[in-house]
Amino acid sequence: MASSFGSLVAQALRGLAFACAIAASLGIAAIVCIISTSVVMRKLGTPLHVTEEVVGLLLSVSLLLALPKVTLDAQNVRVSLLVNAAGGVWLRGLQFLGLVLSVVFFGWLMIEIVPWFEFAYDRNLKTQTSRLLLYPWMAVMPATVLLTMAILVARLAGLLPEPNVETQPSFADQGETTT
């Protein structure tokens, strides 16, 4: 029963992270469409006045939506000097320490997010030019941070397998050829 629960949790987290990644890619595609439309409209003499605000909101939301998938696949930034030098028990210790620090960081971020979101919700804050409500856009942050924390905790609990840590050569190891 425990292994089926663990696999169910892992499958749910993978599915949610994948759905967030798809939404992030749609947001990036929307940015390209909006900017392309804005360029064409500017050439026609009727520029879009909301481009910067909407693109900024979409970029922020897309980056946040990509966070769970990046965390799930362990494609985040890592200090390769330490990872490459460590092996065996030291590598496992570094992985554990990285997971614990990540959970602490996202926990602290969650504590900071809640009052920030409540402030925008209570006052119905809107963007300056296009008058879009901010709190629906801001709601993405607590949702994705919670999902990211769930992925990290599931990895700590052993419900998600550790990603394969491949040692990658540093810039100094790759060598540079001159012509």
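In which helix does D122 lie? D122 lies in helix α4. Helices (H or I, at least four residues) and strands (E, at least two) are DSSP runs, numbered from the N terminus. This is a predicted model, where local features need pLDDT of at least 70, side-chain atom pairs count only at pLDDT 80 or more, and totals for chains, interfaces and linings use all residues. Residues are numbered from 1 along each chain as its sequence is written, and side-chain values use heavy atoms, with hydrogens and water left out.

**View 1. Overview of the protein chain.**
The secondary structure comes to 7 helices and 0 strands. From the N terminus on, the order is α-α-α-α-α-α-α. Buried residues make up 28% of the 179 residues in the chain. Here buried means under 20% relative accessible area, exposed means over 50%, and partly exposed lies in between (1.4 Å probe, protein chains only). Contact means heavy atoms within 4.5 Å. Among the contacts with a separation of 6 or more, 75% join residues 24 or more positions apart.

**View 2. Confidence along the chain.**
pLDDT is the predictor's confidence in each residue, from 0 to 100. Its mean over the protein chain is 86, and 88% of the residues reach 70 or more. Among the elements, α6 has the highest mean pLDDT (95). Helix α7 (residues 171-174) has the lowest, at 49. Where pLDDT is low, the predicted coordinates should not be read in detail.

**View 3. The largest nonpolar core.**
A nonpolar core is a set of buried Ala, Val, Leu, Ile, Met, Phe, Trp, Tyr and Cys residues joined through side-chain atoms within 4.5 Å. The largest one holds 23 residues, and V145, I151 and L160 touch the most other members. Elements that give two or more residues to this core are α1 (2-44), α2 (51-72), α4 (89-123) and α6 (140-156). Helix α6 gives the most, with 8 residues. In soluble globular proteins, nonpolar side chains tend to be buried together. Beyond its neighbours within four places in sequence, V145 is in contact with F106, L109, M110 and I113.

**View 4. Helix α6, largely enclosed.**
Why is α6 described as largely enclosed by the rest of the structure? Because 12 of its 17 residues are buried. Among them are V140, M141, P142, T144 and V145. The buried set also includes R155. Just after α6, G158 takes a positive phi of about 85°.

Helix α4 has 35 residues. It reaches 51 Å from its first C-alpha to its last, close to the expected 51 Å. Its buried residues include L91, Q95, L99, F106 and G107. D122 of this helix is exposed, at 57% relative accessibility. D122 and Y135 are 13 residues apart in sequence, and their C-alpha atoms are 9.3 Å apart in space. Just after α4, N124 takes a positive phi of about 50°.

**View 5. The loop between α4 and α5 (135-138).**
L133 is found in this loop. L133 is partly exposed, with a relative accessible area of 30%. Not counting residues up to four places away in sequence, L133 touches N124, L125 and K126. L133 and A120 are 13 residues apart in sequence and 8.8 Å apart in space, C-alpha to C-alpha. R131 is also found in the loop between α4 and α5. R131 has a positive phi of about 60° although it is not a glycine. R131 is exposed, with a relative accessible area of 51%.

A salt bridge is a side-chain nitrogen of Lys or Arg within 4 Å of a carboxyl oxygen of Asp or Glu. By this rule the count comes to 1. The side chains of D73 and K69 form it, at 3.1 Å, N to O. D73 is partly exposed at 32%, and K69 is partly exposed at 24%. Side chains of opposite charge can pair when their charged atoms come close. A74 sits in the loop between α2 and α3 (80-85). A74 has a positive phi of about 55° although it is not a glycine. A74 is buried, with a relative accessible area of 14%.

Technical notes. Expected span 1.5 Å × (residues − 1).
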